[in-house]
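Have a look at the sequence and the model first, then try each task before reading its solution.

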Amino acid sequence: MTRGTEEQVDPQGESAHGEAGAPADSAGPPKSGRLRFLTDRPVPVAAAAAFALCAGLVAYGVLRGEESDPPRKVPTAAVTYEVTGQGRVDITYQGASENGTAETVTRTRLPWRMETRVPLGRTPVVSFVIGSEGGNAKCALAIKGRHVQSATANGAYGRTGCRGVLPSPSPSGD
């Protein structure tokens, strides 16, 4: 004798387990397989819907682009650096970078001149070192067209520098 499962049949001849073999639902007609899957598992469905919503919002933000404030321009002042004389020199000066990075020019023949804009709050500075063959050189610094400082060096490896003062930018960003 083999054992099997018993099935109860109602008076209309349908199985008590409904169409898909699941227990009969006393609240109404039997549910289809897909509908039963969605209603029997509300947490995974809600999680999938939340994930899809988040992914859609991220994609929308990426495709639309960032609408933040435009980058603020740092106020600057016109600065002129000049090194004159004879010989070859290595020159270092404050350039226009916001983070204060120095620019370097190596083994350049004199005279040399650089006009740039330096961010307010930074110190405009130019310095030089005369090469091993010696020479005589002078640096000069002008801010907004006005002479600020000059200095002279001579001989092998002679060195000096010129610096000025720029005011800090106003707190309101003007």
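**Salt bridges, step by step**

At a relative accessibility of 43%, Arg107 is partly exposed (buried is under 20% relative accessible area, exposed over 50%, partly exposed in between, with a 1.4 Å probe and protein chains only). This is a predicted model, where local features need pLDDT of at least 70, side-chain atom pairs count only at pLDDT 80 or more, and totals for chains, interfaces and linings use all residues. Residues are numbered from 1 along each chain as its sequence is written, and side-chain values use heavy atoms, with hydrogens and water left out.

**Exercise 1.** Find the residue with which Arg107 forms a salt bridge.

*Solution.* 
1. Look for a side-chain nitrogen of Lys or Arg within 4 Å of a carboxyl oxygen of Asp or Glu; that is a salt bridge.
2. For Arg107 the partner is Glu133, with the closest N and O atoms 3.6 Å apart.
3. Arg107 sits in strand E3 (residues 102-109) and Glu133 in the loop between strands E5 (125-130) and E6 (136-143), so the pair ties together parts 26 residues apart in sequence (strands are DSSP runs of at least two residues, numbered from the N terminus).
4. Glu133 is partly exposed too, at 46%.

**Exercise 2.** Work out which residues the salt bridges that share partners join into one network.

*Solution.* 
1. Glu82 and Arg113 meet in a salt bridge, 3.6 Å from N to O.
2. Glu82 belongs to strand E1 (residues 76-86) and Arg113 to strand E4 (residues 112-119), so this pair links parts 31 residues apart in sequence.
3. Arg113 also bridges to Glu115, at 2.9 Å between the closest N and O atoms.
4. Glu115 is exposed, at 55%.
5. The network is therefore Glu82, Arg113 and Glu115.

Technical notes: Helices (H or I, at least four residues) and strands (E, at least two) are DSSP runs, numbered from the N terminus.
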